[in-house]
Amino acid sequence: MNTTVTLSYVMIATLLLVALACLVADSAEQWLPGNRRYVMAGVLTVYSCIRWYRLRAFQKKLLHEQD
């Protein structure tokens, strides 16, 4: 597997972990007051999905170029 692809998967996982931390961490209320913690978690989740979709397209492109 390509190093770029592997690091992209790591970044996606990291973004999802930060989104989860925004939702469940008690200290999140200090740096994201009110509904901002839910908005931030939602934005990070959506961005992770977009990155995953683009990564899948990139992998298909690489596979097609190898043929």
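The model is predicted, and its pLDDT averages 91 over the protein. A score of at least 70 goes to 97% of the residues. Of the protein's elements, helix H1 comes out with the highest mean pLDDT, 94, while helix H2, spanning residues 28-31, has the lowest, 86.

Now for the packing. Two packed helices are described by the angle between their axes and the distance between the axes. Here the partners are H1 (residues 3-24) and H3 (residues 36-66), whose axes come within 8 Å and cross at roughly 165°. Angles over 145 degrees count as roughly antiparallel, so that is how H1 runs relative to H3. The crossing of H1 past H3 is left-handed. As for what lines up where they touch, the contact residues split into 19 nonpolar, 4 polar and 3 charged.

Finally, the rings. The count of aromatic pairs is 0. The ring of Tyr38, though, has the charged end of Arg37 sitting over it, 5.8 Å from the ring's centre.

How values were computed. Residues are numbered from 1 along each chain as its sequence is written. This is a predicted model: local features need pLDDT of at least 70, side-chain atom pairs count only at pLDDT 80 or more; totals for chains, interfaces and linings use all residues. Side-chain values use heavy atoms; hydrogens and water are left out. Axes are lines fitted to C-alpha atoms, for helices over the stretch in contact, and angles run from 0 to 180 degrees between N-to-C directions. Helices (H or I, at least four residues) and strands (E, at least two) are DSSP runs, numbered from the N terminus. Angles under 35 degrees count as roughly parallel, over 145 as roughly antiparallel, 65 to 115 as roughly perpendicular and the rest as oblique. A crossing is left-handed if the near helix is turned anticlockwise from the far one by less than a right angle, and right-handed if clockwise. Ala, Val, Leu, Ile, Met, Phe, Trp, Tyr, Cys and Pro count as nonpolar, Asp, Glu, Lys and Arg as charged, and the others, Gly among them, as polar. pLDDT is the predictor's confidence in each residue, from 0 to 100. Rings of Phe, Tyr and Trp (its six-membered ring) pair if their centres lie within 6.5 Å; planes under 30 degrees apart count as stacked, over 60 as edge-to-face and the rest as tilted. A charge sits over a ring if NZ of Lys or CZ of Arg is within 6 Å of the ring centre and within 35 degrees of the ring normal.
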